[in-house]
Amino acid sequence: MSLGDVLFGAFALPFMGRALLVLLVLSVVAGVVGVLVNLRGLEFISDGLTHAVFPGLAIGLAIGGTAGLVPGAAIAALIGAVLLTLFVRAGVTSDAAVAVVLTATFSVGVIVVSRSDDYAGELEALLFGRVLTIAPDDVVPLLVVSLIAAAAVGATLKQQVFRAFDPQGSRAAGDRGIALDLVLNASIALVVVAGASTVGTLLVLALLIVPGASARLATVRLWGLFPVAAAVGAVSAWLGLAVGFGVSVGAGIDLPAGSTVVAVFVVVYAVMLGVRLVRDRMSRAQARTESARRSDVPEGR
């Protein structure tokens, strides 16, 4: 199997094409939303929302089968987003609020799934995703959920950035903090819904966090963070699916697609971190050399 077949030819297969389409859109949106998560320091709240979708997935699966996954997860995620926002606004510390929502919702989800005849199989699918078995009828709902999150963030992007850097200034300018928090948390929740249906609830956090963190390694320009994060997400998703397919088919080693995609996200971050460390070391060495050269120049020259 040639490199071209792995990187491009594999996606001519219908199930690989569907997986690529959904993951590309989701990863780009998650990258943009993830930059705001990074700027606001909302990683733990995002983790809470990833667990908040679990009972919605379980209930949706129990009631409507695979067709009920996205609606059930969307309802649960939005309820979780509202609850977390209200808890924090009421003065409950974010860590405590996340812990309450996380433990309560996850326990409900496990109880619901445990009533199923195929407990182990369904639990594995909900936790680790089903990116290569996305049904054709599920593609549009997943894309719509992702694009709604993108539209919500895009409509409030300037206000969200302003609030991230200067909350008091944002309030003085007339922005409503609770409205912006609800929009951002709801957008995170919708990304989590789409991600939970592809890479699973345990791994979806990587789609939100890693691209934004990678972008901060690549550029110090604020408005450059968003396209860089989107590009990192898209390329990582594409390479992850391609690597998983190549190893599974070419080497005969069965790799879970969702886990492979997330692993590539982390590898890309590690490479960018290594490049950043080398670049910073070279810059410091060059600055020391320049300083020494200047100190050797006699006065009056």
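Analyst: Let's start with the term: a salt bridge here is a side-chain nitrogen of Lys or Arg within 4 Å of a carboxyl oxygen of Asp or Glu. Keep in mind that this is a predicted model, where local features need pLDDT of at least 70, side-chain atom pairs count only at pLDDT 80 or more, and totals for chains, interfaces and linings use all residues. Residues are numbered from 1 along each chain as its sequence is written, and side-chain values use heavy atoms, with hydrogens and water left out.

Searching the whole structure turns up five salt bridges. One of them pairs D181 with R40, with 3.0 Å between the closest N and O atoms. D181 sits in helix α10 (residues 177-196) and R40 in helix α2, so this pair ties together parts that are 141 residues apart in sequence. (Helices are DSSP runs of H or I, at least four residues, and strands are runs of E, at least two, numbered from the N terminus.)

D181 also has a salt bridge to R163, again at 3.0 Å from N to O. R163 belongs to helix α8 (residues 157-165) and D181 to α10, so here the linked parts are 18 residues apart in sequence. Put together, R40, R163 and D181 form a salt-bridge network.

How covered up are they? Buried means under 20% relative accessible area, exposed over 50%, and partly exposed in between (1.4 Å probe, protein chains only). D181 and R163 are both buried, with D181 at 10%, while R40 is partly exposed at 22%.
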